[in-house]
Amino acid sequence: MRPVQKTWSKATDNLVPITELLWILLLGLTSGLLIGCIGIGGVLLVPSLLFLAQIPIQIGIPAAMMAYILAGIVGTSVFAHNKSIRWGMAAWLCLGAAPTAFAGAWAVSVVDPRLLEALLGLLTLLSGINSLRPRMAAKAVERTLSNGTLLTVGAGTGFLSAVSGSGGPLVLVPILLTLRLPVLTAVGLSQAIQLPIAVAATVGNFLYGQIDLTLGGVIMAALTIGSWIGARLAHVVPRPILQRIVSVVLIAVGLFIFANIAWRLHE
């Protein structure tokens with residue numbers, strides 16, 4: 001078992017540079033806004049912490065997963081208040097996601113995640129391109145998926161989210177859009193799955209990884225505020241516009257993931 005790291009990883013003393021702190025707050029706020037509104041945004045957080053705030057990826061992923069706990073509670077509360085979460089489906093998704101999120105936290109400490117990130121990027125990119133097609137919106141209906149399908153989707157979402165530090169929404173939203181669920185339903189379910197994934201992954205990171213509590217707390221505060229604002233916006237923006245925004249952001253995020261992998265391969 002590796003020791004839990006509770007200090008700011010890159011600092012040589014107890015003082016956090018103000019520019020670094022501002023970057024982290026801005027990144028957390030932006031990511032939370034996107035997660036709350038369209039379910040996509042967590043994937044930008046860890047690479048941005050690495051590039052802009054110089055936080056090592058082994059520190060950034062556990063801190064981000066910890067931050068998703070409170071953000072998940074807030075986002076889920078707003079969507080639940082607006083009756084935008086189908087709880088029967090959410091329960092099966094969460095049941096599949098929690099154990100694999102714990103396994104994903106272990107995998108972060110022993111496995112190079114670039115291959116999994118490449119698969120995630122491909123899924124995200126193709127889902128965004130596919131959902132831009134007009135027939136996607138027409139075929140999106142309030143349907144119920146089988147329990148087995150929900151368990152399988154939840155399991156894959158939990159593992160990929162914990163490994164990449166992206167949270168549940170990024171993985172789940174493109175899958176549900178591909179399965180022809182309406183965009184607001186997909187985003188609502190992605191909010192509900194965020195909490196069990198974050199809790200399970202954080203427990204795993206405490207046991208096997210490195211948790212920087214200060215960094216996690218700063219990100220959590222910014223992410224939570226952004227998620228609350230974004231979740232409220234999701235119920236104001238017209239559905240066709242929300243669908244288009246999700247599609248475009250999915251494509252951009254897919255390209256961003258591949259660019260991030262390419263950059264890391266040349267390290």
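Me: Which residues are buried in helix H7?

Reply: The model shown here is predicted. In H7, the buried residues are Leu150, Val153, Gly154, Thr157, Gly158, Leu160, Ser161, Ala162, Val163 and Ser164.

Me: How many residues does H7 have, and what distance does the helix reach from its first C-alpha to its last?

Reply: H7 covers residues 147-164, which is 18 residues. From its first C-alpha to its last the helix reaches 26 Å, close to the 26 Å expected at 1.5 Å a residue. Just after H7, glycine 165 takes a positive phi of about 75°.

Me: Which residue takes a positive phi just after H1?

Reply: That residue is glycine 39, with a phi of about 80°. Glycine 39 lies in the loop between H1 and helix H2 (42-52). Not counting residues up to four places away in sequence, glycine 39 touches Leu34, Pro169, Leu170, Val173, Val187 and Ser190.

Me: Why is glycine 39 called buried?

Reply: Glycine 39 has a relative accessible area of 0%, and a residue counts as buried when this value is under 20%.

Me: Which residues other than glycine have a positive phi?

Reply: Two cases can be named. Lysine 83 has a phi near 55°, and arginine 180 has a phi of about 70°. Lysine 83 is placed in the loop between H3 and helix H4 (87-108), while arginine 180 lies in the loop between helix H8 (168-178) and helix H9 (183-208).

Me: Is lysine 83 buried or exposed?

Reply: Lysine 83 is exposed, because its relative accessible area is 74% and the term applies over 50%.

Me: What is the overall make-up of the protein chain?

Reply: The chain has eleven helices and zero strands. Of its 267 residues, 53% are buried. Among contacts between residues at least 6 apart in sequence, 86% join residues at least 24 apart. The accessible surface comes to about 11200 Å², and 72% of that surface belongs to carbon and sulfur atoms.

Me: How many residues does the largest nonpolar core have, and which have the most contacts inside it?

Reply: As a general idea, in soluble globular proteins nonpolar side chains tend to be buried together. In this model, the largest nonpolar core has 70 residues, and those with the most contacts inside it are Ile40, Leu45, Tyr68, Leu189 and Ile219. Helix H3 (residues 57-81) gives the most to this core, namely twelve residues.

Me: Which residues make the nonpolar surface patch?

Reply: Leu29, Leu33, Ile225, Trp228, Ile229 and Leu233 make this patch, which is about 510 Å². The elements that give two or more residues to the patch are helix H1 (18-38) and helix H10 (213-234). H10 contributes the largest share, four residues. Leucine 33 lies in helix H1 and is partly exposed, with a relative accessible area of 33%.

Me: Where does serine 227 lie, and which residues is serine 227 in contact with?

Reply: Serine 227 lies in helix H10 and counts as buried, at 0% relative accessibility. Leaving aside neighbours within four places in sequence, serine 227 is in contact with Gly32, Leu33, Gly36 and Ala71. The C-alpha atoms of serine 227 and glycine 39 are separated by 9.5 Å, with the two residues 188 residues apart along the chain.

Methods
Residues are numbered from 1 along each chain as its sequence is written. Side-chain values use heavy atoms; hydrogens and water are left out. Patches are made of residues with over 30% relative accessible area and no salt bridge: like charges are joined within 9 Å, nonpolar side chains (Val, Leu, Ile, Met, Phe, Trp, Tyr) within 5 Å. Accessible areas come from the Shrake-Rupley method with a 1.4 Å probe; for residues, only the protein chains shown count as cover. A salt bridge is a side-chain nitrogen of Lys or Arg within 4 Å of a carboxyl oxygen of Asp or Glu. Buried means under 20% relative accessible area, exposed over 50%, partly exposed in between (1.4 Å probe, protein chains only). A nonpolar core is a set of buried Ala, Val, Leu, Ile, Met, Phe, Trp, Tyr and Cys residues joined through side-chain atoms within 4.5 Å. Contact means heavy atoms within 4.5 Å. The expected span of a helix is 1.5 Å times one less than its number of residues.
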